[in-house]
Protein chains: 2
Amino acid sequence: MQSRAISTTTQLCAVIGNPVGHSLSPALHNAAFDALGLDFVYLAFQVEDVQSALAGMRALRNFRGMSVTIPHKIEAMRYLDEIAEVDRSIGSINTIINDNGRLIGLGTDGPGALKALVDGGAELDGRNVLMLGCGGAARAIAFTLARNARLAKLTLLDINEAMLHGLAVDLKAGTTARIEAEALTDGSLGRAMGTADVIINCTPIGMHPKEDASLVPASLFRPGQVVFDIVYTPLETRLLADARAAGLRVISGVEMFINQAVLQFREFTGVDAPVEVMRRVVMERLKS
Amino acid sequence: MQSRAISTTTQLCAVIGNPVGHSLSPALHNAAFDALGLDFVYLAFQVEDVQSALAGMRALRNFRGMSVTIPHKIEAMRYLDEIAEVDRSIGSINTIINDNGRLIGLGTDGPGALKALVDGGAELDGRNVLMLGCGGAARAIAFTLARNARLAKLTLLDINEAMLHGLAVDLKAGTTARIEAEALTDGSLGRAMGTADVIINCTPIGMHPKEDASLVPASLFRPGQVVFDIVYTPLETRLLADARAAGLRVISGVEMFINQAVLQFREFTGVDAPVEVMRRVVMERLKS
C-alpha cells in the first residue's frame, strides 16, 4: 500500500448508507482526488442513526462532503440547514456539503440524468417523454426534466397508483410541464409507446440478478426513439439490448451514475472532476 | 500523490482537538498503517462541539478510533459508554475506541510515560520520584506510577496549590502509594532534589519557544539521578541538557509521545505497532 500524503488539513468525504459495502463511490472519488492531487480522502460509512451521523459531520470541521444513499436520502433532509427548492419538491437529496458547520443538501441524480440524455443525443425540446416507475430516482429525473427541458409531454406509468398520483400532483404543483399519469398496464404501455420519443426506465426491472426481464416488449419500439435505463448492473440491460437490436439510440444508467458523481465532486472540491478517470474506474469495476 | 487502497471497508481513525494543525498523529499513524498494509486511514478534525463529534463517531460504523487532545481530554469522558477505572481517577482520556457503536475511553499517556521510564533505564522499585507540575499529564503519570511501580515515595511540587492538593487527595484515595505534596519553592525543590532518584518534569517550562528555561538549577543534580521531561519540543530541553551535562541519565518526552501512540495503535488495530517506523516519522518531523 502506498502512502497517500495525508496531513492535518486533509478533508474527508464519504458515502453513508446501509449497506454501503458495494458502493463504487470510494474508488471513484479517490481516483479523481489522486488524479488532481487534491488533499481529500473518501470513505464509506454504514449508518443507521442518520441524525447523529450528520451532527458529527457538522462538528468535524474537515468532514467536507457526503454522498447519501439508500435508505437515507429522504430522512437526511430533516437534519440539514439548507436545501435547494427543487430538491425539497423532489423530496430527497444525495449530496451534503459542510460549509463551516452549515450543512447544505442537494440532489445530483436529476441533473446527472439530464446530462446523460443530452450527451447521449436525446432530443428533448418539444418531445414526448415516457417514464416508467415513480420512485425516488424517478422523482428527481421527472422534476429536472419538467423544469429544465421544454418537453411536449411527460407521461408517467407505474403499477403503484398511490406513488404515481403523488408524483403527478407534485409535478403539476411545482412545474408548468404537461404531465400525464396512468396505471402501468399492457394497454397504457402500448399507447404511451406509440407517442413516446424518449423512454426512461426508472424501475429496477432488468437489474442484476434478474437480467432477463424488461418492461417493454421489443415489438413496441418505433424508429427514432431513444431509450435510457437508469439501471447500470448490468451495463446493458435487456431493455437496452432489445432497443439497440431494434436500431434505437440507447443510454446506459452508468452515464447518470458517473454524471451525478461528477457533479458531487465539483461540490466537494470546487474544481471540475477528471471525468475520464472516473469513467475508467467505474467501467473497470462494473466489468470485473 | 499516490493512491492509497481505500475501499468501502477502510476504517477511519482521527485526532480531535482545537487546534489540530500541528498534530504529528496523522503522519505517525498513517505511516504505521502503510508499513503493515492495514486498511485504515488517520485524519485530523478541529472540533468545538465534542458531544456531536462523538455522537457522529458512534453512528459512523467505520470510524474506529480517536485520539483526543487539548482541550477535549476531560469533556470527552462525559459522552462515552465505558471508561477504565484508573482513567476515571485520572479524570481525562486521550483515546476512544468505537466497538460497534459502543464508545470506550482510555488513557495511554500514563502507560506511555511508564514505558519510557523503564525503557530509559530508570529504576522505580523502592525509589523516590519527584514530579514537577500537577496538570493533566501529571495526573495520568502519577496514577500510573502510584499503581504500577512500587515507589518508596512520590513527591509532588507545583505552584498551584489547589491543583496540587487535589491530585494528592485523589492519589491517596485511589492508590496505596506514599504521597507527599508541597508548594513549589526554592526550599521545597532543594529538599526534594536531595532525596529524589527520578525527576519528572510535567510542567511546560522549557517548551519551545521558551527553550532557555528550566525549573531545576543544575547545582541541585546528584549522581545517579534519572531525569525525564515530558516536553518534546525541543527534543532536548534545557533541563535535560543540564542533566546530561551533569552526567545523569535523561529521557526525552518524545519517548512518551511515541509510546502513547504505540498503545493507541494497538487499541485501534489490534496489532502491534511498527515502533521504529513511528519513531522515524516523529524524529523527522521534530528535527525539520
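The structure here is a predicted model.

Now turn to the interface itself. Chain B brings 37 residues to the contact, and chain A brings 37 residues. About 3,100 Å² is buried between chain B and chain A. Carbon and sulfur atoms give 67% of that area. Between chain B and chain A, six residue pairs are in polar contact, both residues being at pLDDT 80 or more. Across this interface, the count of salt bridges is zero.

Which elements of chain B supply at least two residues each to the side that touches chain A? They are strand S1 (11-17), helix H1 (25-36), strand S2 (40-46) and helix H2 (50-59). S2(B) gives the most, with six residues. By class, this side of chain B has 19 nonpolar residues, 13 polar residues and five charged residues.

One residue shows the meeting of the chains in detail. A:Asn62 sits in the loop between helix H2 (50-59) and strand S3 (63-68) of chain A. Its relative accessibility is 14%, so A:Asn62 counts as buried; the cut-off for buried is under 20%. The side chain of A:Asn62 has a polar atom 2.8 Å from the backbone oxygen of B:Ala44, in the other chain. Within chain A, the side chain of A:Asn62 reaches the backbone oxygen of A:Thr8 at 3.1 Å. Leaving aside neighbours within four places in sequence, A:Asn62 is in contact with A:Thr8, A:Thr9, A:Thr10, A:Gln11 and A:Leu12, and also with B:Ala44 and B:Phe45.

Next come two buried residues of chain B. B:Thr108 lies in the loop between strand S6 (102-106) and helix H4 (109-119) of chain B. It counts as buried because its relative accessibility is 2%. The side chain of B:Thr108 reaches the backbone oxygen of B:Gln260 at 3.0 Å. Not counting residues up to four places away in sequence, B:Thr108 touches B:Asn94, B:Thr95, B:Gln260, B:Leu263 and B:Gln264. B:Leu60 is 48 residues from B:Thr108 in sequence, and the two are 24 Å apart in space, C-alpha to C-alpha.

The other is B:Ser188, found in helix H7 (residues 186-195) of chain B. Is B:Ser188 buried or exposed? At 2% relative accessibility, B:Ser188 counts as buried. A polar atom of its side chain lies 2.7 Å from the backbone oxygen of B:Ala183. B:Ser188 also touches B:Leu157 and B:Glu182, not counting residues up to four places away in sequence.

Last, the salt bridges. Side chains of opposite charge can pair when their charged atoms come close. Over all chains, the structure holds 30 salt bridges. One of them joins the side chains of A:Arg58 and A:Asp81, at 3.1 Å from N to O. This pair links distant parts of the chain, 23 residues apart: A:Arg58 is in helix H2 of chain A, and A:Asp81 is in the loop between S3 and strand S4 (82-83) of chain A. A:Arg58 is partly exposed, at 26% relative accessibility. A:Asp81 is partly exposed too, at 35%.

In chain B, B:Glu82 forms a salt bridge with B:Arg102, the closest N and O atoms being 3.1 Å apart. Again the pair links distant parts of the chain, with B:Glu82 in strand S4 (residues 82-83) and B:Arg102 in strand S6, 20 residues apart. B:Glu82 has a relative accessible area of 37% and is partly exposed. B:Arg102, at 38%, is partly exposed.

B:Glu180 forms a salt bridge with B:Arg178, and here the closest N and O atoms are 3.1 Å apart. B:Glu180 counts as partly exposed at 32% relative accessibility, and B:Arg178 is partly exposed at 48%. In chain A, a network of salt bridges links A:Lys153, A:Arg178 and A:Glu180.

How values were computed:
Residues numbered from 1 in each chain as written. Chains lettered and ligands numbered in written order. Predicted model: local features only at pLDDT ≥ 70, side-chain atom pairs only at ≥ 80, totals over all residues. Heavy atoms only, no water. Contact = heavy atoms within 4.5 Å. Buried area = accessible area lost by both parts, 1.4 Å probe. Salt bridge = Lys/Arg side-chain N within 4 Å of Asp/Glu carboxyl O. Polar contact = N/O pair within 3.5 Å; in protein donor to acceptor, adjacent residues only side chain to side chain. Helix = DSSP H or I, 4+ residues; strand = E, 2+ residues; numbered from the N terminus. Nonpolar A, V, L, I, M, F, W, Y, C, P; charged D, E, K, R; others polar. Buried < 20%, exposed > 50% of the residue type's maximum accessible area, 1.4 Å probe, protein only.
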